[in-house]
Amino acid sequence: MTLQRNTSIYISRLAISLIMLTAYVAMHAQNKIFAVQKDTVPFFKGFSISIDLAGPVMRTLGDYGEYEASLRINLHNQYFPIFEIGYGSAKHDDEVTSLYYKTQAPYFRIGCDLNLLKNKHTGNRMFGGLRYAFTSYKVDIAHPGMQDPVWGWDTSFSITGETCSQHWIEAVFGIDAKIWGPLHLGWNVRYKRRIAHKDSSVGNTWYIPGYGKYGDTRIGANFNVIIDI
Amino acid sequence: MGKIIAAIILAAIISSCTSIDCPVQNTVYTVYKLYKADGVADTLSDTLTIYTYRKNGSDSILLNKKTKAVVLELPISYQNHEDTLIFELKDTFNVLRRDTVWIAKTNQPHFESVDCNISYFHEITSVRWTNEAIDSIGINKKDVNYDASTEHFHIYFKARN
């Protein structure tokens, strides 16, 4: 009787152990199923180049503008280190004040964008980013002459090729839409804030290549044609 | 998403409404304040006329028959190295006293924007005067620019009976 009872206890314990083992294996297997869902998008996704269309239009229609292109690295469709280079110019001869202003110089920006979309792998992107920018430029400012209203003497002045510079930072928000294959179109808005500058000896400068018209802060915008490489 | 874009567009519109602070006129003034010898602000009882000489030799009146003068605002030339001002004081008995004041200065053109006329800023380097009615003139602020809130000269007239 005691032997039968011991055998029964042994079989019960064995059965319980087998059930628990089976359950453990099943749970472990399920864990493995979740674990094998790897992100198949590579970390380095290539480059893209873009050119800005807004600057040349502004330069053609107005007195100042920029020609600008950029090279952007795609890291996992999430981080986009970017290098932008451009050439800005202005030439203005004011009809009212008779002031002449001319400058032309390259500029560059370096920074990084972050893709803000929840699903980052669709090909469309919404960016937020930061830039550091710098330009060194020379200005010509001249006035042909005006009469001192009280003393009556004629006065004139001009500066030629005076070197100025400016450092500034930008906060960027933009959208890229996939059009066809590697072709994207996008726009961005930039909030620019000057952090250091060297103006001309006669006071301010009017237009700064890459930054725009003089001021502590500015808003700018680009419309880009982008090609993924 | 729509709210974010709307906020950014609104911020862009607001921020793009920048303006350039062109001065109303491009003449930069000097400010003279009258003091008694004991340092108390003075009010001139005589009639004061101030003029200078133009390029063609004619007079140009800067202040015409001012009475009870306390503070004077006078123009400064764009590019002369030294301005010459004639102060004429006429008392109630029509007695005329005349002084000449010479103000030496540097001249620096100032560019604000292509939309604003050129101005000239100055640094006053010295002042000298004759002593018919004026006792002394002190330079209180050397820089002459758009800021005329602080007087540039303290002018002391001789005591009147």
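Me: Which residue is the bridge partner of A:G88 in β4(A)?
Reply: In this predicted model, the partner of A:G88 across the bridge is A:A105, which belongs to β4(A).

Me: What makes β3(A) and β4(A) a pair of strands?
Reply: The requirement is at least two bridges found by DSSP, and β3(A) and β4(A) have 15 bridges in the antiparallel sense, so the two count as paired. They also form a hairpin with 6 residues between them, and in its turn A:S98 has a positive phi of about 65 degrees.

Me: Why is A:Y132 called partly exposed?
Reply: A residue would need 20 or more C-beta neighbours within 10 Å to be buried, and 12 or fewer to be exposed; A:Y132 has 13 inside that distance, so it falls in between and counts as partly exposed. A:Y132 lies in strand β5 of chain A, and beyond four places in sequence its contacts are A:R109, A:I110, A:G111 and A:I169. The C-alpha atom of A:Y132 is separated by 19 Å from that of A:W187, which is 55 residues apart from A:Y132 along the chain.

Me: With which residues is A:I141 in contact, leaving aside its neighbours within four places in sequence?
Reply: A:I141 is in contact with A:Y100, A:Y101, A:S158, A:I159, A:S200, A:V202 and B:F111.

Me: What makes β3 and β9 of chain B edge strands?
Reply: Chain B has an open sheet of 6 strands in the order β3-β2-β5-β6-β7-β9, with antiparallel pairing. β3 (59-66) and β9 (143-144) each pair on one side only. For β3(B) the partner strand β2 (residues 47-53) of chain B is joined to it in the antiparallel sense over 5 bridges, and B:T52 stands opposite B:S60 in β3(B).

Me: How many residues does each chain bring to the contact between them?
Reply: The contact takes 27 residues from chain A and 26 residues from chain B. On the side of chain B, α1 (2-15) and β6 (96-110) are the elements that give two or more residues, and α1(B) gives the most, with 3 residues. By class, this side has 9 nonpolar, 13 polar and 4 charged residues.

Me: What confidence does the predictor assign?
Reply: The complex has an ipTM of 0.79 and a pTM of 0.76. Chain B has a mean pLDDT of 86, and 83% of its residues reach 70 or more. Over residues 11-18 of chain B, however, pLDDT stays under 50, and the model has 7 contacts beyond four places in sequence for them.

How values were computed. Residues numbered from 1 in each chain as written. Chains lettered and ligands numbered in written order. Predicted model: local features only at pLDDT ≥ 70, side-chain atom pairs only at ≥ 80, totals over all residues. Contact = placed C-beta atoms within 7 Å. Helix = DSSP H or I, 4+ residues; strand = E, 2+ residues; numbered from the N terminus. Nonpolar A, V, L, I, M, F, W, Y, C, P; charged D, E, K, R; others polar. pLDDT = per-residue confidence, 0-100.
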